[in-house]
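Take a moment to look over the chains before reading on. We'll walk through them piece by piece.

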Amino acid sequence: MPGSIPAFDINDRPVVLGPRVSAPRVGLFRILRSGAGRVGILLTCGLLAVALLAGRIAPADPFAPVGPPLSSPTLVHPMGTDDLGRDLLSGVAHGTRTSLLLALIVSVLTGFIGVMVGALAAWEGGRVDDALMRVTEFVQVVPRFFLAVIVIALFGPGLDRLVLLLALTSWPWIARVVRAEVLSLTQREFVEAARSLGAGRSRVLFREVLPNALPPVVVAVSLNAASVILIEAGLSFLGLGDPDVVSLGYLANNAQRFLRVAWWMAAFPGAMIALAVLGLNLLGDGLNEVLNPRGAF
Amino acid sequence: MRRRLMTVLAVLLFQAVWSAASGPAAGQDGPVRGGTLVVAIVSDPGHLNPAITTSGATHAASELLYNGLLGRDERGDPVPELAESWQVEQDGAVYRFRLRDGVKWHDGTPFTASDVKFTFEEVLLKFHARTRASMGGLLAGVEAPDDRTVVFRFKQPYAPLLYQLDATEAPIIARHVYQGTDPQTNPANINPIGTGPFKFGSYTKGTEIRLVRNPAYFKPGLPYADGLVMRIIPDLSVQVLALENGEVDFLWELPGPLQSRIKGDSRFQTARTGYHPGGSNCIMTMSFNLERPILKELRVRQAVAQALDRQTFLSQILFGDGKVAAAPISSEIPWAHAAGLSMPRPDRAEAEKLLDGVGWKKEGDGPRTARGVSGIADGTRLSIDFLHFPTFTKYGELVRQQLGAVGIGVVLKTLEPAVFAPTVFKDRNFDSNVISYCNGPDPEIGVRRMYHSSQIGPAPFTNAAAYRNPRVDALFDEASRSVERDRRSRLYRQIQEIAVQDLPYFWLVETVSTRAWVARCSGFKAWTGLFAEGAFCRR
Amino acid sequence: MPSRYLLRRLAHVLPTVAGLLVLNFCIIHLAPGDPAIALGGEHGDAAYYTFLRARFGLDRPLPEQLLTYITNVLRGDLGTSFVHGRSVVAVIGERLPATLLLVSTALVLSSVAGIGLGALAARDGRRAADVSINAVALLGYAVPSFWLGQMVLVGLAVGTGLFPVQGMTDARNPQTGFSYLLDVFHHLALPVLVLAANEVALTTRLVRTGLIEALGTDYVRAARAKGLPEGMVIRHALRNVMLPVITVIGSRAGMFLSGAVLVEVVFAWPGLGRLLLSSLLARDYPILLGMFLLISLGVILANLITDLAYAWLDPRIRYQ
């Protein structure tokens with residue numbers, strides 16, 4: 001996982017070098033106090049804007065030729081054109097949309113699976129916990145990138161496959177975080193209080209425990225999103241990307257052969273990838289600072 | 001006046017002394033002995049036995065270690081190599097070869113006719129796909145009546161034999177090394193013994209293969225270089241970087257985008273050829289599945305052909321490195337290529353008229369709709385799929401663009417070779433595709449399989465269109481049996497005229513390779529696998 | 001270190017490895033397509049491919065192939081490569097040293113650099129240094145490694161002519177002895193730089209945060225009050241931070257290997273990365289199975305070593 005990874009001790013508890021904020025709910029606007037958080041929010045929102053407005057910024061079909069091939073940036077084509085005469089600005093705008101969408105879907109799925117597994121394991125305990133932790137360990141050990149390379153090379157490229165693959169292999173970390181959080185929280189006073197007031201087990205779980213376990217998950221998910229974008233780019237570089245969809249990785253891959261005759265083909269998509277990853281990371285950092293002001297995570 | 005005379009004399013004297021001191025080795029024309037040539041190859045060959053595989057990687061790396069019975073000249077015509085002379089008897093049913101005297105294997109053992117017999121019977125006909133597919137059924141036997149004579153007997157006259165005997169199509173390997181063993185796992189595959197201009201030095205997997213000069217090579221004086229290194233560099237752009245950086249002397253393939261850069265640089269030389277150790281004289285060909293209702297109609301195929309502007313394929317995908325295909329047989333086989341045929345010309349208006357005529361009407365945006373097309377329900381959209389290897393994605397994109405402009409919807413499908421082949425040839429689950437059909441050194445090897453009705457079947461890269469024309473079948477059968485080249489020319493010309501009428505395929509572009517090397521080296525032969533036999537480098 | 005703990009950890013490993021084997025086998029053999037065509041090329045006739053399939057045992061039913069494979073693996077036999085004609089162990093073994101060299105050098109470099117940079121960033125009253133170090137480190141991570149590699153190639157290697165653009169050794173003049181080592185390191189420089197650049201960010205940030213925390217504790221304040229030099233204070237604080245840093249480095253082993261694949265391709269480094277790609281194209285099943293197994297084992301091993309180091313460093317764990 002990218003960014004600041006929590007270290008896990010032997011009991012699967014995150015290693016925290018200091019006490020944590022213990023308020024049940026945290027106002028997320030406090031993120032704006034953090035320098036990193038500000039930059040992160042700015043970048044991420046900027047990218048989201050590009051993604052959402054792709055249709056307006058670049059109404060041209062990114063696959064359609066609109067100008068002379070391999071022409072350098074001009075007023076008409078601010079990012080130049082590629083080898084088939086396609087406008088690179090359109091490509092980058094649509095590509096950003098694809099990459100962000102991919103990251104979003106994978107993050108949501110990963111978060112969902114991770115939270116379910118982690119919460120269930122911690123809440124039920126005993127055999128269920130053991131079994132789920134075995135499964136978690138197994139999935140955690142599987143090298144994600146290599147699995148993606150092998151599966152896609154053998155079964156063919158496709159963003160849908162990639163989404164499934166990444167979602168099914170990225171959740172263990174989140175599951176462990178959630179489990180550790182739930183385990184620690186169940187010993188807290190306010191849970192005891194809720195239970196003594198007669199609240200049912202699942203009610204306590206959903207209304208008291210999970211919302212407090214979520215902050216670290218949010219951080220983890222935003223960091224994971226960044227790594228998804230990088231993995232997609234890496235796979236496209238190896239020729240395993242989806243050729244029907246314009247993504248930042250597809251553009252970067254296409255640009256390889258033309259590196260020395262058309263620098264803009266590689267520069268802009270590469271910069272966009274870096275900005276996206278940077279933005280998401282800083283966002284995660286900001287969230288981290290807000291939610292755990294004194295902790296390594 | 002005297003001073004000027006003295007200056008002139010001094011200059012002349014200086015020049016005379018200079019050229020005398022430098023000796024013949026530094027003369028502008030004479031070859032220079034010694035030095036190590038560094039060649040870039042794209043992938044690790046895995047092993048160095050070219051007789052058990054048609055893999056381009058293995059052949060590129062290993063052909064300098066071996067020879068064939070014959071070699072090839074610049075035009076692709078056979079020249080003597082291990083065989084010094086030959087006779088064609090019984091109108092091409094019997095071929096008799098007289099082998100050179102005094103040829104030795106790299107370990108000193110004399111080369112004899114039994115090596116040839118063994119290589120064909122035990123190795124090539126079992127493991128070399130092209131030899132097996134072309135000769136396998138027709139060869140009655142190979143005889144070695146004495147050490148210097150080899151006789152090929154065929155069940156019926158077989159015309160192309162002389163084009164299939166070079167180191168690419170039929171390299172001769174050593175009987176005394178391979179007899180009684182499994183050719184695919186024999187350790188000699190990574191420690192080879194051949195007859196070629198270079199001997200094996202070392203093979204560092206994943207990095208390089210080092211060859212050393214064969215001092216006992218049967219062509220006197222050759223090779224000039226002391227050693228040759230094949231460096232594995234998978235990325236073509238990095239190969240060019242290595243060439244420019246002085247780390248490499250010769251490239252098999254100069255990538256399109258960088259061609260003008262290298263060609264314009266006086267430090268380098270280039271040469272174009274249709275020959276490639278993995279498959280020569282290739283044409284990027286669009287196939288139509290004639291069994292599908294939409295493409296059954298000739299006018300639709302004609303419309304497709306006229307909607308495509310093949311010049312853009314040449315300029316945008318190949319960067320001018322190649323030719324628009326002027327005929328179904330490659331121009332790199334000049335005696336079989338039919339010049340002056342009337343191929344469909346790009347004409348969008350005409351294409352749209354044809355489609356309208358068939359009944360495909362333009363209704364709003366997007367693909368056309370069927371209104372009164374025979375065999376197709378009204379309201380169906382004109383949409384076809386287009387299958388291609390991942391490396392040919394650009395072809396797909398251009399086809400989609402250009403056919404879309406006349407209202408033909410194209411859905412692209414990328415498939416790896418291992419999946420492409422069963423989908424197209426076994427399941428026949430496609431409308432159209434693009435295939436690099438390599439004609440080979442002789443049309444009998446690579447062209448027949450595209451058009452002959454007997455070649456419709458699960459074997460990959462055969463008759464994808466499922467084209468059936470008894471006249472064409474008969475013409476091919478006759479061409480295969482006639483040894484006279486002029487006669488074969490006329491027969492192939494007739495075949496090509498019919499093919500252009502029937503359009504089972506549409507021939508897009510001929511692909512060539514551009515070799516590149518540093519200008520201080522010369523003597524490279526781009527058209528054969530023995531490319532560095534006569535190569536040398538000046539300091 | 002109690003051996004009971006060690007045994008417990010080892011016992012966890014076995015079912016994981018077994019599961020990975022089966023998973024890998026199923027993925028590879030259930031993939032669509034005909035491996036005989038990838039193996040034999042495009043020019044053969046139907047009989048040729050049937051011949052190839054029988055030769056490589058590809059026509060047997062899947063469960064039978066799986067069983068054969070597992071029994072072979074237990075005997076240490078990972079099979080014979082289709083393409084190379086030699087044992088998988090031999091083929092992988094030939095490429096392993098190059099990748100290990102690349103990965104371990106990058107690991108050491110990024111760890112040392114990360115610790116150093118993190119310490120620098122955490123020192124009191126150096127806000128500018130902190131922000132800039134953080135930014136540069138993050139940038140190194142955010143930029144895709146293949147893109148960075150290509151920029152470095154074109155800019156540094158060809159631009160200055162100081163570095164070679166490909167391979168592990170000089171092709172024209174092979175060196176021996178000490179000059180061989182120098183030659184290898186000359187070729188290693190750029191790939192290691194690119195691979196390490198990707199990973200430095202993580203260590204830097206972890207060390208920085210941990211140090212900031214540790215430097216705020218009471219005993220450090222006391223040490224400073226007593227007049228202990230800053231360097232020594234930082235060193236003491238560092239020791240407390242090492243625990244999570246080591247854990248992280250170990251668990252990142254998988255990412256290092258993936259990064260290595262991309263860097264090896266860009267710099268034509270003769271390691272396992274390229275073997276993986278060429279074997280995928282050629283559908284060389286035995287190599288693919290062997291490589292995936294090997295990589296997973298590597299990750300498991302890295303985790304194991306990390307856990308053991310952790311246990312050794314943290315006395316609390318030892319006596320559980």
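In what order do the strands of the open sheet of 4 strands in chain B come, and is their pairing parallel or antiparallel? Reading across, the order is 4-5-7-6, and the pairing is antiparallel. Keep in mind as you look that this is a predicted model. Strand 4 (83–89) and strand 6 (139–146) of chain B sit at the edges with a single partner strand each, so one side of each has no neighbour in the sheet. On average, neighbouring strands here are turned by 15° against each other, if you ignore direction.

Strand 4 of chain B and strand 5 (residues 94–99) of chain B are antiparallel partners over 6 bridges, and Q87(B) stands opposite R96(B) in strand 5.

Strand 8 (residues 198–204) and strand 9 (208–213) of chain B pair in the antiparallel sense over 6 bridges. Within the pair, F200(B) faces L211(B) of strand 9. The hairpin has 3 residues between its strands, and there G206(B) takes a positive phi near 80°. P223(B) belongs to the loop between strand 9 and strand 10 (227–232) of chain B.

Chain B has another open sheet, this one with 6 strands. Their order is 14-20-13-19-17-18, and the pairing is mixed. Which strands are the edge strands here? They are strand 14 (322–324) and strand 18 (409–414) of chain B, each of which pairs on one side only. Neighbouring strands of this sheet are turned by 25° against each other on average, again with direction ignored.

For a look inside this sheet, take strand 13 (residues 282–288) and strand 19 (residues 432–438) of chain B, which run antiparallel and are joined by 7 bridges. One pair to pick out is S287(B) with its bridge partner N433(B) in strand 19. Helices pack here too. Helix 10 (residues 310–317) of chain B touches strand 14 and strand 20 (505–511) of chain B, and its direction makes about 35° with that of strand 20. Helix 12 (residues 393–404) of chain B lies across strand 13, strand 17 (383–388), strand 18 and strand 19 of chain B. With strand 18 of chain B, helix 12 of chain B makes an angle of about 170°.

L503(B) has a phi near 45°, a positive value in a residue other than glycine. L503(B) lies in the loop between helix 17 (485–502) and strand 20 of chain B.

How confident is the prediction for chain B? The mean pLDDT of chain B is 90, and 95% of its residues reach 70 or more. Residues 19–27 of chain B are another matter: their pLDDT is below 50, and beyond near neighbours in sequence this stretch has 3 contacts in the model.

Now turn to chain C, which has 14 helices and 0 strands. Its C-alpha atoms fill a box of roughly 85 × 55 × 40 Å along the principal axes. Helix 5 (residues 88–122) of chain C has 35 residues and reaches 48 Å from its first C-alpha to its last, close to the 51 Å expected. Still, helix 5 of chain C bends by about 35° at L96(C), and a proline, P97(C), follows within four residues.

Finally, see how the chains meet. The contact between chain C and chain B takes 37 residues from chain C and 43 residues from chain B. The largest share of chain C's side, 4 residues, comes from helix 2 of chain C. By class, that side has 18 nonpolar, 11 polar and 8 charged residues. Chain A touches chain B as well, with 17 residues of chain A in contact with 15 residues of chain B. On chain A's side, these divide into 10 nonpolar, 3 polar and 4 charged.

Definitions and conventions:
Residues are numbered from 1 along each chain as its sequence is written. Chains are lettered from A and ligands numbered from 1 in the order in which they are written. This is a predicted model: local features need pLDDT of at least 70, side-chain atom pairs count only at pLDDT 80 or more; totals for chains, interfaces and linings use all residues. Helices (H or I, at least four residues) and strands (E, at least two) are DSSP runs, numbered from the N terminus. The expected span of a helix is 1.5 Å times one less than its number of residues. The bend at a residue is the angle between axes fitted to the seven residues ending there and the seven starting there. Two strands pair if DSSP finds at least two bridges between them. Axes are lines fitted to C-alpha atoms, for helices over the stretch in contact, and angles run from 0 to 180 degrees between N-to-C directions. Two residues are in contact if their C-beta atoms, placed from the backbone, lie within 7 Å. Ala, Val, Leu, Ile, Met, Phe, Trp, Tyr, Cys and Pro count as nonpolar, Asp, Glu, Lys and Arg as charged, and the others, Gly among them, as polar. pLDDT is the predictor's confidence in each residue, from 0 to 100.
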